[in-house]
Amino acid sequence: MASALKSIKNLAPLLDRVLVQRVKAEAKTAGGIFLPESAVKELNEAKVLAVGPGGLDKDGKRTPMSVTAGDRVLIPQYGGSPIKIGEDEYSLFRDAELLAKINE
Amino acid sequence: MASALKSIKNLAPLLDRVLVQRVKAEAKTAGGIFLPESAVKELNEAKVLAVGPGGLDKDGKRTPMSVTAGDRVLIPQYGGSPIKIGEDEYSLFRDAELLAKINE
Amino acid sequence: MASALKSIKNLAPLLDRVLVQRVKAEAKTAGGIFLPESAVKELNEAKVLAVGPGGLDKDGKRTPMSVTAGDRVLIPQYGGSPIKIGEDEYSLFRDAELLAKINE
Amino acid sequence: MASALKSIKNLAPLLDRVLVQRVKAEAKTAGGIFLPESAVKELNEAKVLAVGPGGLDKDGKRTPMSVTAGDRVLIPQYGGSPIKIGEDEYSLFRDAELLAKINE
Amino acid sequence: MASALKSIKNLAPLLDRVLVQRVKAEAKTAGGIFLPESAVKELNEAKVLAVGPGGLDKDGKRTPMSVTAGDRVLIPQYGGSPIKIGEDEYSLFRDAELLAKINE
Amino acid sequence: MASALKSIKNLAPLLDRVLVQRVKAEAKTAGGIFLPESAVKELNEAKVLAVGPGGLDKDGKRTPMSVTAGDRVLIPQYGGSPIKIGEDEYSLFRDAELLAKINE
Amino acid sequence: MASALKSIKNLAPLLDRVLVQRVKAEAKTAGGIFLPESAVKELNEAKVLAVGPGGLDKDGKRTPMSVTAGDRVLIPQYGGSPIKIGEDEYSLFRDAELLAKINE
């Protein structure tokens, strides 16, 4: 049974889950100097790639999601379920775990 | 009293449980070289074999399941109840523990 | 005060409890050779002997049970309340703890 | 202020509590031989002496009790509140903690 | 700011709390011999001195209390909030923590 | 950004919180002798300085508070959020944490 | 993927979250003497910069927030999610975690 997960685009989060990709800090200083990888600290900022249909409340209705695909969000420092496809890393969070939306 | 569990097909998950079989990583490289078993890392991808009728909400109604038999899903790294029939291994998860559906 | 529990048949589980007897692995190989007891691993399969009337929901109505006496079920590896009558061992599980029903 | 608790008959369990007395294993073998006390293992069987009026559900109505005075019941191995009057020992359990009723 | 708590009679328990005074075992044997204090074991019996107006249920209504001032009750071995006025010790329990009422 | 908290009178507790000031034991004996500070034990008695508007129940209505400003109350030995303004110490408790009201 | 978070003004808290900036104690004495940084103790006072739309109650309605942008509040000593933009530090709290509002 081979993996069916060819691309992150095939992933549809279930219930109130949100698929995000963490924003990597620039590996280049403002002056254009490239930094060694160890100097690049991960940010708690992420891009929303896909959102689930919403959790089910006690009456069987979907709870609205707080974000939509394309949104930039602040994610908590710890938690989330890690996903790895090839070299790329992604995370799944519950909608209520997302801290804030970043308006651009 | 002999075991009645002859085949995984006889297993009907109860309530909101989902019976899945984890996808094993290919033991062969793209170039056709077979890899030793220790080099084959398990994926968090699984195939849904059977789903329960749904949990009961406070009014006694069944909560709809998020997946159906045949679906490919992303399962959490830890958790689930392991089942072994002969050499084959399966797992049972609660519907709400499944992370995402993989669209093929 | 002498024990009133003469037979497992006298035991009526309360609320949502299910009385089961674990299926012991056959102490004989397919070829008819008897195995020493230490080689016989316990299975997570059990036979339902009796079921309670169902738990009470918040409106005082009984929640339906998922299984009935005679069913074969998959039970979790740990948990349940052990009961011993003479040499025979039984267990009591809550209905929602049972993992799956085995269709024969 | 002297104790008002002269007899176990004066004890009225509150809410959903059940007053029970554990059944002691017979200190005599079937053949009539008396056993030393250390050989008499306690059973998880008990006699119901009194039951409370039932807990209060969210609408202020009493939740029905599962057992009545005189019932024989199976109690969990651990838990319950111990009560000692003179040399006699009793226990108080919540109704939902009782495992099963023993039909005589 | 001096203490306003001159007497235990001024204490009005809030919500579903019950003010009790533990019954001390008699420091005298049946034959009239006074016992040294270390031989006097505390009982889990208490006298109800005052009861709160009842907790608030989800509709804002008071939940009825199980006991009234003057009742003798069985209290759990541990727990409760200790209060000391001069040399006298009292305890506050939640109504649902009280085990049983002692009918005199 | 300088502190806006000039006086304890400016503090308005949120939701079901209660602002109290603990009563200090008198540093003087009944006979008028001043005691060294280490001999003055703190009491679990406090004065209510301000109360919040009440918590929100599931229908969005405010839950009534059990006490009002000026009340003397018994507070639990541990817990509460400490506040310090200059040399003065205050505490914030949830309404349901207060044990009893002291009627003067 | 570069950070989209250029300014704290772009941050919109989700659900019942409140974005605050802690008030730093003045690094100058009343007499105008500058204090070394280690002598400046952090206060539990903060300024509200932005508030979320409110959490969702069980009927899908927004729970009202207790504070608005510009309010001065008392925050708990521990907890909250830290955010750092350049040299500036901020925190996100749930509305119900805020202790009190400071009226100016």
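The largest cavity holds about 30 Å³ of space, where a cavity is a set of points on a 1 Å grid over the protein atoms alone at which a 1.4 Å probe fits but cannot get out, and a volume is the space filled by probe spheres set on the points, joined across faces, edges and corners. The model is predicted, with local features requiring pLDDT of at least 70, side-chain atom pairs counting only at pLDDT 80 or more, and totals for chains, interfaces and linings using all residues. Residues are numbered from 1 along each chain as its sequence is written, chains are lettered from A in the order in which they are written, and side-chain values use heavy atoms, without hydrogens and water.

A search of the whole structure finds 1 cavity of 30 Å³ or more. Leu15(A), Leu56(A), Arg62(A), Pro64(B), Met65(B) and Ser66(B) line the largest cavity, lining residues having an atom within 4 Å of a point.

Contact (heavy atoms within 4.5 Å) joins 26 residues of chain B to 19 residues of chain A. The two chains bury about 1,900 Å² between them, 61% of it on carbon and sulfur atoms; buried area is the accessible area (1.4 Å probe) lost on being put together, summed over both parts. In chain B, Leu74(B), Leu99(B) and Asn103(B) lose the most area to chain A, together 25% of what that side buries.

The residue classes are as follows.

Conventions: On a 1 Å grid over the protein atoms alone, a cavity is a set of points where a 1.4 Å probe fits but cannot get out, and a pocket is an open set with protein on both sides within 12 Å along at least five of seven lines; lining residues have an atom within 4 Å of a point.
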